[in-house]
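Here are some exercises to work through with the model open in your viewer. Try each task yourself before reading the solution below it.

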Amino acid sequence: MNHALLAVAAFAVLSSAPAFAQQAAADYTLTGNLTLASDYRFRGISQTNKKPTLQGGFDFAAGGFYAGNWNSNIDSDLYTGSNLEMDFYGGYKGTAGGIGYDVGALYYYYPGSGNSGAGKIDNTELYAAASFGPVTLKYSHAVSDFFNAPDSKNSYYLDLSASHEISGFVLGAHVGYQKLKGGARVTEIGGAGLRDSIVDYRLGVTRDVSGFVLGAALIGTNRDLAGSVAGRNISGDTLVLSVGKTF
């Protein structure tokens, strides 16, 4: 992706030109992150079949522009042979009249998907978010078939979240609504019909301890979806524990 190449190129320039790096240090930032968690939940649904995950990436920012990459292990049975998710994103964020805004694009890439004989999986979304104080509302719109489900372009996701800090603890709450279009549908365990929407929710707390962010979150959805193990519910309520570090 061009955004990731931009970040790598910028890092090379800064490394090879110390004088320029010192002059531009206040204008450019390059950070990395690493997280270990008991499960990887994407919009309330486990991507690791309820197993632990190791995740990490980097972010490059210049003024209001940013680009980055984020990666996580996943269940290869859910992603037609791929055991890795790679996200590439870029956009612009700022404030206007006391309202924060963020617009950009995100590409989900699954290297090796399709090797099992099923279709290759990827997804591209455009997003826009607005925040006021502790509350943020974000809209994501699929401009490709949604994770390669037939005729599922224009599926969308609404994300309402809020956070508040109390004595060093950051409390967070989230509710999301995924609308599926075309051939994108889910079938519940023991259910008779196809569903074209999913609601997910999250209630959690984090705390910074000596530079490490410890987290605990209750996550779930209004659906009971099966994973690659027969009868296992990968979208039911669960407690996810995590520890992360930004550097």
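## Exercise 1: A hairpin and its turn

The hairpin of E14 and E15 has two residues between the strands, and Ser210 there takes a positive phi near 55°. Keep in mind that this is a predicted model.

**Task.** Describe how E14 and E15 pair, and find out whether Ser210 is buried or exposed.

**Solution.** 
- Step 1: start with the strands. E14 covers residues 197–209 and E15 covers residues 212–221, and the two are antiparallel partners over 10 bridges.
- Step 2: pick one position across the pair. Val205 faces Ala216 in E15.
- Step 3: move to the loop between E14 and E15, where Ser210 is found. Its phi is positive, about 55°, although Ser210 is not a glycine.
- Step 4: Most residues other than glycine have a negative phi.
- Step 5: check the accessibility. Ser210 has a relative accessible area of 70%, which is over the 50% cut-off, so Ser210 is exposed.

## Exercise 2: Another serine in a loop

**Solution.** 
- Step 1: locate the residue. Ser167 sits in the loop between E10 and E11.
- Step 2: read the backbone angle. Ser167 is not a glycine, yet its phi is positive at about 50°.
- Step 3: look at the accessibility. With 66% relative accessibility, Ser167 counts as exposed.
- Step 4: turn to the strands on either side. E10 (residues 156–166) and E11 (residues 169–179) pair in the antiparallel sense over 11 bridges. Within this pairing, Ala162 has Ala173 of E11 as its bridge partner.

## Exercise 3: Closing the barrel

**Task.** How many strands form the closed barrel, and in what order do they run?

**Solution.** 
- Step 1: trace the order, E1-E4-E5-E6-E7-E8-E9-E10-E11-E14-E15-E16. This is a closed barrel of 12 strands with antiparallel pairing.
- Step 2: E15 and E16 (residues 238–246) pair in the antiparallel sense over eight bridges, with Ile219 opposite Thr238.

## Exercise 4: Rings and charges

**Task.** Classify the ring pair of Tyr107 and Tyr109, then look for lysines over ring faces.

**Solution.** 
- Step 1: there are 13 aromatic pairs. In one of them, the ring centres of Tyr107 and Tyr109 are 6.2 Å apart, within the 6.5 Å cut-off, and their planes are at 15°, under 30 degrees, so the pair is stacked.
- Step 2: compare accessibilities. Tyr107 counts as buried at 17%, whereas Tyr109 is partly exposed at 26%.
- Step 3: find the cluster. Ring pairs link Phe42, Tyr79, Tyr108, Tyr110, Phe146 and Phe147.
- Step 4: check the lysines. Lys138 lies over the face of Tyr127 at 4.5 Å from the ring centre, and Lys245 lies over the face of Phe212 at 5.0 Å.

## Exercise 5: A pocket and its lining

**Task.** What is the volume of the second largest pocket, and which residues lie nearest its centre?

**Solution.** 
- Step 1: the volume of the second largest pocket is about 670 Å³.
- Step 2: its lining has 22 residues, and Ile45, Phe146, Phe147, Arg185 and Val186 lie nearest the centre.
- Step 3: assign strands. E3 (45–46) and E12 (186–187) each supply at least two residues of this lining.

How values were computed:
Residues numbered from 1 in each chain as written. Predicted model: local features only at pLDDT ≥ 70, side-chain atom pairs only at ≥ 80, totals over all residues. Heavy atoms only, no water. Pairing = 2+ DSSP bridges. Helix = DSSP H or I, 4+ residues; strand = E, 2+ residues; numbered from the N terminus. Phe/Tyr/Trp six-rings, centres within 6.5 Å; stacked < 30°, edge-to-face > 60°. Buried < 20%, exposed > 50% of the residue type's maximum accessible area, 1.4 Å probe, protein only. Lys NZ or Arg CZ within 6 Å of the ring centre and 35° of its normal. 1 Å grid on protein atoms, 1.4 Å probe; cavity = no way out; pocket = protein on both sides within 12 Å on 5 of 7 lines; lining within 4 Å. Points joined across faces, edges and corners; volume = space filled by probe spheres on them.
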